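Please keep the display in view while reading.

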Amino acid sequence: MGIESFQKKLGKNIAAVRKKVGLSQSELALRIDKDRQWMNYLEKGKGNPTIKTLYLIASELEVSLKTLLDFD
């Protein structure tokens with residue numbers, strides 16, 4: 001899997017979980033100290049979040065990092 005494919009799958013997973021728990025991009029971004037545009041960029045598969053940011057996203061969504069990184 002190439003990096004672009006990885007980033008797109010990660011973005012889709014984050015968006016799917018975020019929607020499932022009922023948060024908007026703006027709400028999640030605010031909770032992790034980012035802006036909505038950054039969140040949109042990430043969910044479109046163009047962002048390159050740090051492990052700290054992934055941890056914060058997983059924590060706010062109340063899921064494990066494994067859930068965000070599960071590409072099956």
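The sections below describe helix packing, individual residues and loop positions.

## Basis of the model

The model is predicted, so local features require pLDDT of at least 70 and side-chain atom pairs count only at pLDDT 80 or more, while totals for chains, interfaces and linings use all residues. Residues are numbered from 1 along each chain as its sequence is written, and side-chain values use heavy atoms, with hydrogens and water left out.

Helices are DSSP runs (H or I, at least four residues) numbered from the N terminus. The 18 residues of helix 1 should span 26 Å at 1.5 Å a residue, and the end C-alpha atoms are 26 Å apart, which agrees; the expected span is 1.5 Å times one less than the number of residues. After helix 1 comes Gly22, which has a positive phi near 80°.

## Helix 1 against helix 4

The axes of helix 1 (residues 3-20) and helix 4 (residues 51-61) come within 10 Å and cross at roughly 25°. Helix 1 is therefore roughly parallel to helix 4. Axes here are lines fitted to C-alpha atoms, for helices over the stretch in contact, and angles run from 0 to 180 degrees between N-to-C directions. Angles under 35 degrees count as roughly parallel, over 145 as roughly antiparallel, 65 to 115 as roughly perpendicular and the rest as oblique.

Leu10, Ile14, Val17 and Arg18 of helix 1 make the contact with Leu54, Ile57 and Leu61 of helix 4, where contact means heavy atoms within 4.5 Å. By class, this contact has six nonpolar, no polar and one charged residues. Ala, Val, Leu, Ile, Met, Phe, Trp, Tyr, Cys and Pro count as nonpolar, Asp, Glu, Lys and Arg as charged, and the others, Gly among them, as polar.

## Helix 1 against helix 3

Helix 1 and helix 3 pack with their axes 7 Å apart, at an angle of about 120°. This angle makes helix 1 oblique to helix 3. On the helix 1 side, Gln7, Gly11, Lys12, Ile14, Ala15 and Arg18 meet Met39, Leu42 and Glu43 of helix 3. The residues of this contact divide into four nonpolar, two polar and three charged.

## Two buried residues

Ala29 lies in helix 2 and counts as buried at 0% relative accessibility. Neighbours within four places in sequence aside, Ala29 is in contact with Lys34, Asp35, Arg36 and Met39. Ala29 and Glu60 are 31 residues apart in sequence, and 9.9 Å separates them in space, C-alpha to C-alpha.

Thr53 belongs to helix 4 and, at 7% relative accessibility, counts as buried. Not counting residues up to four places away in sequence, Thr53 touches Ile32, Lys34 and Trp38.

## Positive phi in the loops

Most residues other than glycine have a negative phi. Asp33, in the loop between helix 2 and helix 3, has a positive phi near 65°. Asp33 counts as exposed, at 69% relative accessibility.

Glu62 is in the loop between helix 4 and helix 5, and its phi is positive, near 55°. With a relative accessible area of 73%, Glu62 is exposed.

Technical notes
Buried means under 20% relative accessible area, exposed over 50%, partly exposed in between (1.4 Å probe, protein chains only).
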